[in-house]
Amino acid sequence: MVEIYRIENLSFNYGKNEVLKNINVSIYKGEFVGIVGPNGSGKTTLLKILSKILQANKGKIYYKGKELKKIKNIEYAREVGYLPSEIELTFDIKVKDFLILGRYPFIGRFKRETEDFIYKIGEIFNIKDFFEKKMSQLSEGEKQRIYIAQLMVQNPETILLDEPTSHLDIGYQFGIMDILKKINDNGKTIICILHDLNLSACYCSKIIFLNKGEIYKVGSPEEVLTYENIEAVYNTKVLVYKNPFTNKINVFGIPSYLLKKI
């Protein structure tokens, strides 16, 4: 297996507040990695460090064997795409023009090919009908498809996403995750923050379970998303069993007021 990231003894502080502590984990080519954990556990901070938005206070990160901080940003942007949880567009723009922005790391070398590539992505994501629309005219679910399509316009080997299904209804959640699974099946490595443990169990091949800035458990969904681990970290009662249709883990929370009646 080809090691994409190796994280060694990584720690990060915001001032005196230690957000990540002694993180050690490897991520391999072709994995679909879900980063899960309670609010404030350091998930977004870890992803921002992997995207080079933040730099760790201690420890080292290697990307394909090379120390991350020694890789030039433009070179890294040609291989790694990052989608934050919130995107604020300061000006309205046509969908087609927004997608073209994703070719920025390559535009000098492949300017002639850009338009053809945009249309190819439009066909893959079934968004060509949106090309002449403004971004402001799209629903949140449609925008999320466009954001992920822009990442693929960049054609990265590795994709980092922070809560790509937040604020979406169940139909769009599965639609977005199906797109990501198809991308992953085509050989891309995906590292994705998810709050929904069931989506994590259904789509991810590896789970990094964070709690209070530390890795609580790493492994397959079946190894990580046990009722003992979930109850210990989230401080709530749950039922965990395999869905008979998908054969994947399902997590059901038990409201505390119902526990009093049992």
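## Salt bridges

Asp185 forms a salt bridge with Lys181, their closest N and O atoms being 2.7 Å apart, where a salt bridge is a side-chain nitrogen of Lys or Arg within 4 Å of a carboxyl oxygen of Asp or Glu. This is a predicted model, in which local features need pLDDT of at least 70 and side-chain atom pairs count only at pLDDT 80 or more, while totals for chains, interfaces and linings use all residues. Residues are numbered from 1 along each chain as its sequence is written, and side-chain values use heavy atoms, with hydrogens and water left out. Asp185 and Lys181 both lie in helix α6 (residues 170-185), four residues apart, about one turn of the helix; helices (H or I, at least four residues) and strands (E, at least two) are DSSP runs, numbered from the N terminus.

A search of the whole structure finds 12 salt bridges. Among them, Lys64 pairs with Glu79, with the closest N and O atoms 2.8 Å apart, and this pair links distant parts of the chain, since Lys64 is in the loop between β4 and β5 and Glu79 in the loop between α2 (73-77) and β6 (80-83), 15 residues apart. Glu3, Arg6 and Glu8 are linked in a network of salt bridges.

## The sheet

Four strands form an open sheet in the order β2-β1-β4-β5, with antiparallel pairing; two strands pair if DSSP finds at least two bridges between them. Because β2 (17-28) and β5 (66-67) stand at the edges, each with a single partner strand, one side of each is left without a neighbour in the sheet. Strand β4 (residues 58-63) is joined to β5 by two bridges, and Tyr62 stands opposite Glu67 in β5.

## Nonpolar cores

The largest nonpolar core has 47 residues, and those with the most contacts inside it include Leu99, Phe125 and Ile183. Such a core is a set of buried Ala, Val, Leu, Ile, Met, Phe, Trp, Tyr and Cys residues joined through side-chain atoms within 4.5 Å. Helix α5 (residues 140-154) gives the most to this core, with seven residues. Apart from it lies another core, of 28 residues, among them Ile71, Tyr76, Val80 and Ile208.

## Cysteines

The structure holds zero disulfides, a disulfide being a pair of cysteine sulfur atoms within 2.5 Å. The sulfur of Cys204 is 6.2 Å from the closest cysteine sulfur, in Cys192, too far for a bond. Cys192, at 0% relative accessibility, counts as buried, as does Cys204 at 5%, where buried means under 20% relative accessible area, exposed over 50% and partly exposed in between (1.4 Å probe, protein chains only).
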